[in-house]
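Work through the exercises below with the sequence and the coordinates open. Each task is followed by a solution in steps.

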Amino acid sequence: MDPDEELAIIILVMDYFYRKLRSASRVPQQVMMFLLVVGHGDSSRRSGYEWHHSTKTVSRHFNNICSRIVGLAPQLIGPPDFNNIPPLIANNSRYFPYFRDCVGAIDGTHIPCIVDAHLQPAYRNRKGYTSQNVLAVVDFDLKFTYLVAGWEGSVHDARVLREAMSDPTFSFPTPPGEKYFLVDAGYANRRGFLSPYRGTNYHLHDRRRLGRDRKKELFNYRHASLRNAVERTFGIWKSRFRILRGVPHYPLRTQRDIIIACAVLHNFLMMSDDVDVSVTAEEDAHDEDDMDQGGDTIGQDAAPSTQQEEGHQTEMGRFREALTESMWACRNQN
């Protein structure tokens with residue numbers, strides 16, 4: 001995290017404290033302690049040494065600032081724009097008119113966590129370390145429009161989405177009408193969610209190697225290219241907030257709140273014209289530690305449901321087929 005980003009966050013939190021509590025006299029110091037931990041990966045002990053405070057005082061300030069930032073989530077993590085076509089799609093002939101009803105992309109990512117011994121089996125993911133499975137919806141401006149954290153690392157991405165949709169307390173932004181989100185092959189291809197073809201090359205490097213010679217490959221290539229917004233968002237988010245590479249031993253609820261707070265600050269920085277949000281190719285990629293359980297290998301880990309097996313006979317299956325034919329017919333024009 002660079003100095004401009006830190007200054008922008010301090011201003012944001014100071015404004016919040018002043019409006020809500022009419023006091024912001026000691027906020028800059030508290031925010032800097034918080035940023036040393038989440039942005040630079042410092043421990044509470046080191047942050048206390050920098051600011052000449054005890055570890056207990058640093059932890060109190062950290063929890064205070066974290067809870068206040070989480071309180072900003074309703075303002076900074078809003079639902080997608082269901083009424084307008086995203087500029088990235090509207091202004092690119094590879095995507096328009098094919099994806100004109102697309103309003104974002106969905107994926108899960110894993111954030112390492114520390115839990116008590118009796119909870120470790122539930123939180124241990126397929127890579128062997130304990131983590132929280134975080135479900136995120138992003139727009140094509142690389143901002144979070146929905147995020148739910150706290151799920152055990154052993155839980156499948158598709159189940160997290162299913163529970164978020166079925167439980168009203170999660171307030172999932174279900175796409176209305178013909179609108180839909182892009183998802184990977186780990187999710188069902190159904191109304192509101194458009195997935196790629198299974199068993200067909202999907203990732204960008206596959207397409208560059210094989211060339212555009214098949215209908216389904218062309219669809220998957222453009223699908224992956226557009227859905228890459230969620231991979232890029234995760235890359236920027238994790239490179240900006242180093243604590244996400246390994247959350248310290250806080251209570252589990254605090255570890256969840258840290259993830260939400262970092263998403264809130266990410267959105268704020270992405271909306272700031274004064275902050276450089278460019279990333280390197282390495283940061284832009286979905287790194288191995290993300291532990292994405294989707295992609296073109298998910299079928300090896302979870303047997304598809306009847307609905308998935310008969311996807312081509314569903315409404316979204318027919319929509320995908322029509323989209324594929326249209327792309328193929330116009331392939332030489334793009």
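**Exercise 1. A residue in a helix**

Task: determine whether Asn267 is buried or exposed, and list what Asn267 contacts beyond its neighbours within four places in sequence.

Solution. The model is a predicted one. Step one is the accessible area: the relative value for Asn267 is 1%. The cut-off for buried is under 20%, so Asn267 counts as buried. Step two is location: Asn267 belongs to helix α11, which covers residues 252–271. Step three is the contact list: with neighbours within four places in sequence left aside, Asn267 touches Leu76, Ile77, Lys143 and Phe144.

**Exercise 2. The sheet around β1**

Task: find the strand order of the open sheet and describe how β1 pairs with β2 and with β4.

Solution. Start with the order: five strands run β3-β2-β1-β4-β5, and the pairing is mixed. The edge strands are β3 (144–152) and β5 (193–194), each of which pairs on one side only. Next, take the helices that pack on this sheet. Helix α10 (residues 215–240) touches β1, β2, β3, β4 and β5, and its direction makes about 45° with that of β1. Helix α11 touches β1, β2 and β3, at about 165° to the direction of β3.

Now turn to the pairing of β1. Strand β2 (residues 131–138) is joined to β1 by eight bridges in the antiparallel sense; Gly108 has Leu135 of β2 as its bridge partner. Strand β4 (residues 180–182) pairs with β1 in the parallel sense, over two bridges, and here Ala105 lies opposite Leu182 of β4.

In β1 (residues 102–112), 11 of the 11 residues are buried, so the strand is largely enclosed by the rest of the structure.

**Exercise 3. The buried face of α4**

Task: compare the span of α4 with the expected one, then say which residues of α4 are buried and how they are placed around the axis.

Solution. Helix α4 has 16 residues, 55–70. From first C-alpha to last, α4 reaches 22 Å, close to the 22 Å expected at 1.5 Å a residue. The buried residues of α4 are Thr57, Val58, His61, Phe62, Ile65, Cys66 and Ile69. Viewed down the axis of α4, these fall within an arc of 160°, so they line one face of the helix. The general rule behind the spacing is that an α-helix has 3.6 residues a turn, so residues three or four places apart point the same way.

Technical notes
Residues are numbered from 1 along each chain as its sequence is written. This is a predicted model: local features need pLDDT of at least 70, side-chain atom pairs count only at pLDDT 80 or more; totals for chains, interfaces and linings use all residues. Side-chain values use heavy atoms; hydrogens and water are left out. Helices (H or I, at least four residues) and strands (E, at least two) are DSSP runs, numbered from the N terminus. The expected span of a helix is 1.5 Å times one less than its number of residues. Buried means under 20% relative accessible area, exposed over 50%, partly exposed in between (1.4 Å probe, protein chains only). The arc is that of the directions from the helix axis to the C-beta atoms. Contact means heavy atoms within 4.5 Å. Two strands pair if DSSP finds at least two bridges between them. Axes are lines fitted to C-alpha atoms, for helices over the stretch in contact, and angles run from 0 to 180 degrees between N-to-C directions.
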